[in-house]
Amino acid sequence: MDFAFSSDQQLLKQAARAWLAEHCPSTVVRALWDDARGESETMWKEMARLGWLGLAFPEAEGGSALGMVETAVLLEEMGYAACPGPYLPTVLAGLAIAEAATPAQRSRWLPAIATGQARATVAFLDAPVDWAPEATATRAERVGAGCALTGVKQFVPWAHVADLLLVPARAAEGVSLFLVEPTASGLTFSPLLGMDLGTRWATVRLDRVPVAADAILGEPGQATGRLDWLLRRGAVGAAAEMLGAARRCLDLSVAYAKVREQFGQPIGAFQAIRHKCAEMLLEVENAHAATYYAAWALDAGAEDQDLAPSIAKTYVSEAARRVCGEAIQVHGGIGFTWEYDLHLYMKRAKALEAMYGDAEHHRELIARRVAR
Amino acid sequence: MDLTYSPDDLAFRDATRRWLEANLPRGELKTLEERKAWHRQLYDAGYLGMGWPREYGGQDAGPLRQAIVADEMARVNAPPPINGLGISIVGPTIVVHGTEAQKRRYLRKILTAEELWCQLYSEPNAGSDLASLRTRAEDRGDHVVVNGQKIWTSGGAGADWGLLLARTDPTVPKHKGISCFLLHMRQPGVEVRPLRQITGSAHFSEVFMTDARAEKADLIGRLGQGWEIAQTTLSYERGGNSLARVTRYKAAFHQLVQAAKTLTRGGRPLLDDPLVRSRIGRIYAELEVQRYAALRVLSALDKGESPGPASSITKLSYSEFEKRYHELALEILGPWGQLTAGVPWEFLEIATSSGEPGTWAHAFLWSRAGTIYAGSSEIQKNVIGERVLGLPKEVRADRLKA
């Protein structure tokens, strides 16, 4: 029984913190916010070199055979830095491929992802933004040996830079998961700009996009289980990133409360501020416990592995919202300026609140499992 | 990270479970003698004072083993040991700060419940500001004479001894003039009056000391060291009970789900109402997060790490959660949640560790105590702010004077 990180996990965390502080300070984040593409090729290649992109892949396919705990460690640090880029969607697509793909699909994509040559994403949502895989509305019609996909996918993370899109679509036999390359005909992308410019989304329109017979991931018509599997990992990944963003907001607030003086003393000396900071720490520590418990449960195949990710997502979504919001309040006016970095982290957490199932979505999943 | 129990711990858990199945008292323990006998039985089986040194009757067991026992007891709603305060607070204080003679004299009788203990800390005018306590202990050579009043004394009515904080030097700053004594409760100068709390029963007492006598040989630590000692006793055992607490919440949760299936609104079970489902999902998430946090603290304690002021986070977290939990329960239960006796359905009976009737109403009322006792939520936030986050201390009137 040990909840603490192993020494290897601790080293990974320290290395990620240090690397991101050097290569992705807020000046870099802000430059990428202003960039049309929104992410950095150099940074991506460096992440590949550090082994971050293939972290969870088998060693034979260029990976490090690590798990969700290590992935969450990295994502927490990316949240702490508000690092822009398609890390989480690429990891999710990679996990699905590593779990369910044919040998040919694996050798086509896993080494490419691990070496930073390919970015990937998952197009979970149709226009009604329903996270239940059963709600998939995009259609797959049989054309010869393959299929043609038609529909509109919304809020596809980093679709404009993806070399591979995992697209759930409904065929006669049920929902299948298709591997779609952006060069296919009938695909159009239009950007959706949210408040976090370090997270880029796109509307992806599919108009009879041809996919070959060998471009289905896993059993045809059986993808809803795989999508649930993937959403649980997305929920934990998002929780980790929100945790990092919240911890950054807490750190900034505590540092500020020690130096900002009003009424002749540091504002941190006032209980009104000190108690807020204490409540923020409580939320962050509980969010840590929720996130890493869920990551561990997935890695260990614990009996509550299907439940713990929902608990993490619902808890951390709300905790991060509170912590980041209170951080602005502790700062006062300066926390409302574009100049001050606080909003970078607050917006990252906000963007992830709505992704991979919001708090309400996961509360319903929890109720289904425990209130029967 | 590895959150599985070792095979040894699993075997220990199973053995504990079997022992409880075989020995759990059938029916309620009514008399003091029955409760003492149950305490003694737990001790003889090796389930009390587990973390104490072997030479004083303990087993040098780690916090995880203690937590497993507490958790298994919660699972079957076993009655708590009657000398709980002696086991969790007084004994460890004597182990850490007591003389050899004090250890020989007192520890074993705590373990066997031959002598029951209470804690004489809070006063009518010294609650959160405990260091301003006014009970005096005047030096008379081989003993001190104690005058003053204590309040919120758990188990005061049955106690043979009390762990007392009293002022021995009024001329020095308030934190430095306090000493810690063991006070015999069965003497003419000590009067114990029951204090009825909002649940209707009297779990606590007021204790009036009029020229009561405490021996100098029963001074714990040095004269003037009392505040420091009190600081350490308040942080004992935060963690050991945390899993057990969650186990009780969970048992109650399943009762609540039963209620939500049975009670209806507009002709449909409450459990079909999306709003109720959302709130049930949310509270269950909070409940589980309490468990994860407990595992985190416990595994650190088991490695010998001291949580120090961070234990304030644990206390703040669970006590505030308990209030939210019981507010929600009473909303779901409607008027059934108000009943204090005579409940018609099994799901209206819940396990408690307070010894009171297991109704939701009692549990709800008790949830108001947790954020006040052992350092209120406001005090915990001060501790977290100052000692964990390193925020500046506030300007305080008593510090200015000192």
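**Figure 1. Contacts along the sequence of chain A.** Among the contacts in chain A between residues at least 6 apart in sequence, 75% join residues at least 24 apart; two residues are in contact if their C-beta atoms, placed from the backbone, lie within 7 Å. This is a predicted model, in which local features need pLDDT of at least 70, side-chain atom pairs count only at pLDDT 80 or more, and totals for chains, interfaces and linings use all residues. Residues are numbered from 1 along each chain as its sequence is written, while chains are lettered from A and ligands numbered from 1 in the order in which they are written. Chain A has 11 helices and 11 strands; helices (H or I, at least four residues) and strands (E, at least two) are DSSP runs, numbered from the N terminus. The radius of gyration of chain A is 21 Å, close to the 21 Å that the globule rule gives for 372 residues, so chain A is as compact as a globular protein of that length. That radius is taken over C-alpha atoms, and the rule is 2.2 Å times the number of residues to the power 0.38.

Figure 2. You will find A:L206 in strand β8 (residues 200–211) of chain A. A:L206 is buried, with 25 other C-beta atoms within 10 Å. A residue counts as buried if 20 or more other C-beta atoms lie within 10 Å of its own, exposed if 12 or fewer, and partly exposed in between, with C-beta atoms placed from the backbone. Leaving out residues up to four places away in sequence, A:L206 touches A:T138, A:L149, A:T150, A:G151, A:K153, A:G186 and A:L187.

**Figure 3. Where chain A meets chain B.** Here 41 residues of chain A are in contact with 41 residues of chain B. On the chain A side, the elements giving two or more residues are α7 (223–259), β11 (265–266), α8 (271–300), α9 (308–331) and α11 (359–370). The largest share, 15 residues, comes from α8(A). By class, this side of chain A has 25 nonpolar, 8 polar and 8 charged residues. Ala, Val, Leu, Ile, Met, Phe, Trp, Tyr, Cys and Pro count as nonpolar, Asp, Glu, Lys and Arg as charged, and the others, Gly among them, as polar. The model scores ipTM 0.96 and pTM 0.96.

**Figure 4. Two helices of chain B side by side.** Helix α9 (residues 311–333) and helix α11 (residues 377–388) of chain B have axes that come within 9 Å and cross at roughly 150°. These axes are lines fitted to C-alpha atoms, for helices over the stretch in contact, and angles run from 0 to 180 degrees between N-to-C directions. From α9(B), B:S312, B:I313, B:K315, B:L316, B:S319 and B:E320 meet B:S377, B:Q380, B:K381, B:V383 and B:I384 in α11(B). The residues of this contact divide into 4 nonpolar, 4 polar and 3 charged.

**Figure 5. The enclosed helix α10 of chain B.** In helix α10 (residues 360–367) of chain B, 6 of the 8 residues are buried, so α10(B) is largely enclosed by the rest of the structure. The buried residues are B:W360, B:A361, B:H362, B:A363, B:F364 and B:S367, and they pack against α9 of chain B. Of the 402 residues of chain B, 44% count as buried.
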